[in-house]
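Visitor: I am new to this structure. Please show it to me, and then I will ask how its descriptions are reached.

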Amino acid sequence: MLYPVENVTVVFKVTPSSKKMEQSQMTTLDEFCKSFSKQISGRQKFALIEQLKREEFADAFNPHTHTGWELRLRPDNGWDVIPPETLHSQRHCIYSLEVDVHRVILTYWGGGLLLNRMISSELANYHQAPELFFLLQRSRGNVLLASHLLSAALHSLLEVLQRLALQPEERPGLNLADKAMIYLQHSYYRASLSLDEVAQVFGTSPQNLNRVMRLAEMPSFHEFLLQFRMERAEKFLQTGRYTVKEVARMTGWNSPFYFSNCFHKYFGCPPSLFRAKARSEGADKPENLYPNSISR
């Protein structure tokens with residue numbers, strides 16, 4: 001029996017250091033599928049990533065979580081498999097996939113967004129990856145079974161992407177403002193994230209990017225980034241698992257003091273008081289601040 005996992009997204013990224021992959025491979029979804037098909041052929045090596053321990057947090061690079069399952073293809077062609085809401089650090093990888101039962105988002109570093117599509121009811125029968133990842137996590141004692149489950153999950157994703165490539169888009173050609181917003185939502189945890197970087201990713205100037213966002217009646221770059229970071233910080237604090245200092249780092253702030261001031265201004269309540277209230281209302285006990293189980 002397959003067990004459903006709620007709230008998913010599928011994100012592919014190519015880091016700047018993996019530019020040996022030709023840009024022409026990433027111009028269409030069909031071309032990407034051909035490249036991805038070659039990449040997942042054969043037996044898959046993988047490591048199931050667990051929640052960062054408290055003593056590891058200080059040295060972690062860009063610690064963050066995802067609402068869905070994330071997979072990272074390492075330079076050695078092995079996969080890191082990361083369960084939903086598992087706190088982990090950013091690391092060098094060739095592809096990064098985040099899997100959701102409702103939507104597929106395909107992006108690549110340096111080229112922006114290639115695909116942002118909902119999983120239709122007719123595609124749901126082929127989209128078994130979230131359930132397979134859940135079973136993979138439960139089979140950690142059986143390496144051979146886990147390897148087969150990972151292979152099945154990756155081929156399920158390929159099947160969905162290939163079928164999407166044959167279907168007309170719901171929204172032909174997302175505009176620049178939409179693409180920038182999606183990029184921010186998947187990169188908000190990086191303190192180095194800047195307007196200049198996002199503009200460069202999409203081949204435009206910072207001034208033009210802000211102008212396009214205004215014309216689309218969207219918040220400015222900095223307003224949207226602040227809003228999204230505050231929403232994520234609110235959710236992290238509500239769990240009671242993380243300290244204010246940790247939440248600041250997880251949402252892209254170099255200074256916990258500056259984060260606290262912004263949070264107080266945004267919500268009208270200091271983050272320490274917000275967290276204390278959440279814990280008093282039944283959040284995790286101190287000894288469970290870093291649970292290894294997935295959020296369900």
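This is a predicted model: local features need pLDDT of at least 70, side-chain atom pairs count only at pLDDT 80 or more; totals for chains, interfaces and linings use all residues.

Visitor: Which residues of helix H12 are buried?

Guide: In H12, which covers residues 271-280, they are Pro271, Phe274, Arg275 and Ala278.

Visitor: How do you know that the buried residues of H12 line one face of the helix?

Guide: Viewed down the axis of H12, the buried residues fall within an arc of 95 degrees, so they line one face. In general, an α-helix has 3.6 residues a turn, so residues three or four places apart point the same way.

Visitor: What covers the buried residues of H12?

Guide: The cover includes H9, helix H10 (244-250) and helix H11 (256-267).

Visitor: Why is Glu217 called exposed?

Guide: The cut-off for exposed is over 50% relative accessible area. Glu217 has 74% relative accessibility, so Glu217 counts as exposed. Glu217 sits in the loop between helix H8 (206-215) and helix H9 (221-239).

Visitor: And why is Glu85 called partly exposed?

Guide: Buried requires under 20%, exposed over 50%, and partly exposed is in between. Glu85 has 22% relative accessibility, and therefore counts as partly exposed. Its place is the loop between strand E3 (78-82) and strand E4 (95-99).

Visitor: What makes the phi of Glu85 worth a remark?

Guide: Most residues other than glycine have a negative phi. Glu85 is not a glycine, yet its phi is positive, about 60 degrees. Glu217, not a glycine either, has a positive phi of about 55 degrees.

Technical notes
Residues are numbered from 1 along each chain as its sequence is written. Side-chain values use heavy atoms; hydrogens and water are left out. Helices (H or I, at least four residues) and strands (E, at least two) are DSSP runs, numbered from the N terminus. Buried means under 20% relative accessible area, exposed over 50%, partly exposed in between (1.4 Å probe, protein chains only). The arc is that of the directions from the helix axis to the C-beta atoms. Contact means heavy atoms within 4.5 Å.
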